[in-house]
Amino acid sequence: MDKAKDRDRQSKYRYLTEIQQMMFVFGEIQDPLPETTMLIEDIVRSQVIEIIVMAAAQAQRRGSRFLAAEDFIFLIRHDRTKVMRLREYLSWKDVRKKVKEREDAGDEIIDDDAADKPDRVAKVQIKLSWELASMFSENLVDDDDEEDDEMLDAQSDSLKRLKDADEVTKQMTRDEYVHYSECRQASFTFRKNKRFRDWANMSAFLDTKLNDEIIDILGFLTFEMVSKITEMGLHIKRDLEKAASDAPAVHDDRRRRAAGDKASISLFSGPPTARTPLQVQHVQEAFRRMQRAPQPIRNFKGGLTRTRVSLI
């Protein structure tokens, strides 16, 4: 019976290891609870399916059978920081792809005149159809300063993550740092395209096959989902622990003394502030708070309507 349950779990939950690694990077303990990890995977899978369905509807409005990158970016257009980071991620990915193609083709032409000049990487600028600049075939003024300012604002969250990672890794040994670095490379899609398609059951929602660029975008978004859920869950957990510690505990102390509980004040007892893992209720509360977006009233005639899920 237990083997059958383990087999069903492995067939349904395919990213438990990757989610555990991501949670560890975002501040959770190294071995989170299995039920918490499975709940996060269920949430991420439902979010991916919702994104695919909404992106397919957006492509249909454009009159196209094939999904494009702008269909997914349109869904997160209100989060300007995430949009700019995603565009930067895609542009640098295209640069790496071109460099790899040149290396595979053996194109190693060295220009002596260009050797003294600073190396400038020509990144691809992704134009979005709903932006005003995309309505013009050519940019009359190349305003690099404005784009740089936007990128600086978009990178503030990334810089904060790097600062937090630096604080976490200061006291780590070499082996611990190697493990932490491996956990930072965890991904839903990197060299796992087929597994990701089967996991999200894309064939049931799409008639066409998604290209690698779309899969990379979904990998970026799933990484952000795990980050938000973990950070929000840890925030809720800290608030609950603080509220519990501030509450009066005189009655509990008397009951412990009456029961003769001496282990809590033993000389060789463990540290009282040992970290505990995220519980299922913390993740559920985090997801509930992220779903509190106002819903428009559309069923004026009454009856049941489908509540739209807010994207994380």
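This is a short tour of a predicted model, stop by stop, for you to follow in your viewer.

**The whole chain**

Start with the protein chain in cartoon view. Of the chain's 312 residues, 31% count as buried. Now think about how the chain comes together: among contacts between residues at least 6 apart in sequence, 73% join residues at least 24 apart.

**Colour by confidence**

Next, colour the chain by pLDDT. The mean is 79, and 67% of the residues reach 70 or more. Then select residues 109–121, where pLDDT stays under 50. For this stretch the model has two contacts beyond four places in sequence.

**Helix 3**

Now select residues 34–61, which form helix 3. Helix 3 has 28 residues, and from its first C-alpha to its last it reaches 41 Å, close to the expected 40 Å. Step just past the end of helix 3 and click on glycine 63, which takes a positive phi of about 80 degrees.

**Where helix 2 meets helix 3**

To see the contact itself, show the side chains of Leu16, Ile19, Gln20 and Met23 on helix 2, and of Thr36, Thr37, Met38, Ile40 and Glu41 on helix 3. Colour them by type and you get five nonpolar, three polar and one charged.

**The loop between helix 10 and helix 11**

For the last stop, go to the loop between helix 10 (193–200) and helix 11 (212–246). Two of its residues deserve a click.

Select leucine 206, which has its place in this loop. Is leucine 206 buried or exposed? Its relative accessibility is 9%, so leucine 206 counts as buried. Leaving aside neighbours within four places in sequence, leucine 206 is in contact with Ile52, Ala56 and Leu67. Try the distance tool too: leucine 206 and phenylalanine 66 are 140 residues apart in sequence, yet 9.4 Å apart in space, C-alpha to C-alpha.

Then move along the loop to threonine 208. Threonine 208 has 17% relative accessibility and therefore also counts as buried. Which residues does threonine 208 touch, not counting those up to four places away in sequence? Show Arg65 and Phe66 to see them.

Key: Residues numbered from 1 in each chain as written. Heavy atoms only, no water. Helix = DSSP H or I, 4+ residues; strand = E, 2+ residues; numbered from the N terminus. Expected span 1.5 Å × (residues − 1). pLDDT = per-residue confidence, 0-100. Contact = heavy atoms within 4.5 Å. Buried < 20%, exposed > 50% of the residue type's maximum accessible area, 1.4 Å probe, protein only. Nonpolar A, V, L, I, M, F, W, Y, C, P; charged D, E, K, R; others polar.
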